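Colleague: I would like a close look at a single part of this protein. Please keep it brisk and give the cut-offs as you go.

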Amino acid sequence: MQRVKIKTNLKIWFRQYIKMAVQNILLPVVYRVGCIAPVEKGLVIFADAHHNGVPASMEPLVREVKRRRQGLKILELYDDYQGCPFPRLLKRMLLFMKYYARAEFVVICDNFLPASSCKKRAGTTVIQLWHGCGAFKKFGYDTQGDIPAFYKGNVFKNYDIVTVSAPECVRHFQSAMRQPHGVPQPLGVCRTDKYFRASYNRSCRELFLDKHPEAKGKKVILWAPTFRGNPADPELGQYADIIQMSAQLSQEAIVIIKIHPHLVKKYPSYDNSTLTTDQLLPSTDLLITDYSSILFEYSIYQKPMLFYAPDRQEYGVERGFYLDYGALPGPIVTDKTKLATEARRLLSQNNTDSKAVEAFYKTYMSSCDGQATKRIADIICPAYRKISKWR
């Protein structure tokens, strides 16, 4: 086991140094050559390094910008860099840099190293949508482990706008990403807009019963734990405890397990629904999580939450939180023998402190009001509504 761990750590170390060499030497050269040409007004790039198609966090904005596309040239560059062979990876990064040098807008929604590889020109605006709501556990430069100490350069460099879910989150994103005042902006998270549409919620509930007919007449519990470890060697704890709870509640509830995409690769049989977490939320009667930001999105529905965190003390010391974990809008369970009892109590009484959940939503999600996509699209599109340069 120790030998495997050493081998994994060496692999991670090697990949990081390769990334640094490409990011700090090769990509800036390609960018500078591209800057010989002027910025192309109306050129918008959507890019991501974690998916082979448009990410869910970006899709609403892509759709809206395309709807308003008069006068815009839209380029989409999506690839899963983690599973990409190095020759293809290098080719895709060089292609991005070629257009990055000329783009007026670049939109990303997660860590995207090529965008931070050099000092960008003033005529390009980089918008970071990020992928999570609120500000729960510390990340980026506020915690150890997210960014290796030996890594050179700021992985969040060149951002002009970072969209966050509420004014309360601004200061935390400034700190975690080392951003100056005015870059993190409470414009909302565009992928949350759908939760405010009755048609979306209705279709998700119908789809859920179609996929899970065994849930008819039962309450629905969603367990959505946080991601642990690193992408190359993720970890999942408490699974056995949730399975035991599920057996104890089998007559009255169905337990749906959704784990982080990186965890699914290592534990493929643990994820027991083909639906996405976004599709599951409208049908969920009780959310159980530990440190996942899913609680922020779920607060939109004003339903009960339960926090199962048997390693709360250790995790809090190791990772750190932006908020007071003891003040979360739901009971905290650390003893697995009490998990089923507490879940049953919340479900049977619909026992949620509505005022606490409402206050939590207003504090951390107030800019997620169903209009975030429009606000962000207005930044990109208004100058081009009557321009038809690109055909």
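Which residues have the most contacts inside the largest nonpolar core?

Modeller: Phe-96, Phe-136, Leu-295 and Phe-296 have the most contacts inside the largest nonpolar core, which has 82 residues. A nonpolar core here is a set of buried Ala, Val, Leu, Ile, Met, Phe, Trp, Tyr and Cys residues joined through side-chain atoms within 4.5 Å. Buried means under 20% relative accessible area, exposed means over 50%, and partly exposed lies in between (1.4 Å probe, protein chains only).

Two points on the basis. This is a predicted model, where local features need pLDDT of at least 70, side-chain atom pairs count only at pLDDT 80 or more, and totals for chains, interfaces and linings use all residues. Residues are numbered from 1 along each chain as its sequence is written, and side-chain values use heavy atoms, with hydrogens and water left out.

Helices are DSSP runs of H or I with at least four residues, strands are runs of E with at least two, and both are numbered from the N terminus.

Now Phe-96. Not counting residues up to four places away in sequence, Phe-96 touches Ile-45, Ala-47, Leu-77, Val-106, Phe-112, Pro-114 and Ala-115. Contact means heavy atoms within 4.5 Å. Another core lies apart from the largest one. This other core has 23 residues, among them Leu-236, Leu-306, Tyr-308 and Ala-340. In soluble globular proteins, nonpolar side chains tend to be buried together.

Next, the setting. Buried residues make up 51% of the 391 residues in the protein. The secondary structure comes to 13 helices and 13 strands. The radius of gyration is 22 Å, close to the 21 Å that the globule rule gives for 391 residues, so the protein is as compact as a globular protein of that length. That radius is taken over C-alpha atoms, and the rule is 2.2 Å times the number of residues to the power 0.38. Among contacts between residues at least 6 apart in sequence, 71% join residues at least 24 apart.

Two residues give a contrast in burial. Phe-139 is found in the loop between strand 4 (125-128) and strand 5 (161-163). Phe-139 is buried, with a relative accessible area of 11%. Leaving aside neighbours within four places in sequence, its contacts include Trp-130, Phe-173, Met-177 and Tyr-322. Glu-206, in helix 5 (residues 198-211), is exposed, with a relative accessible area of 52%.
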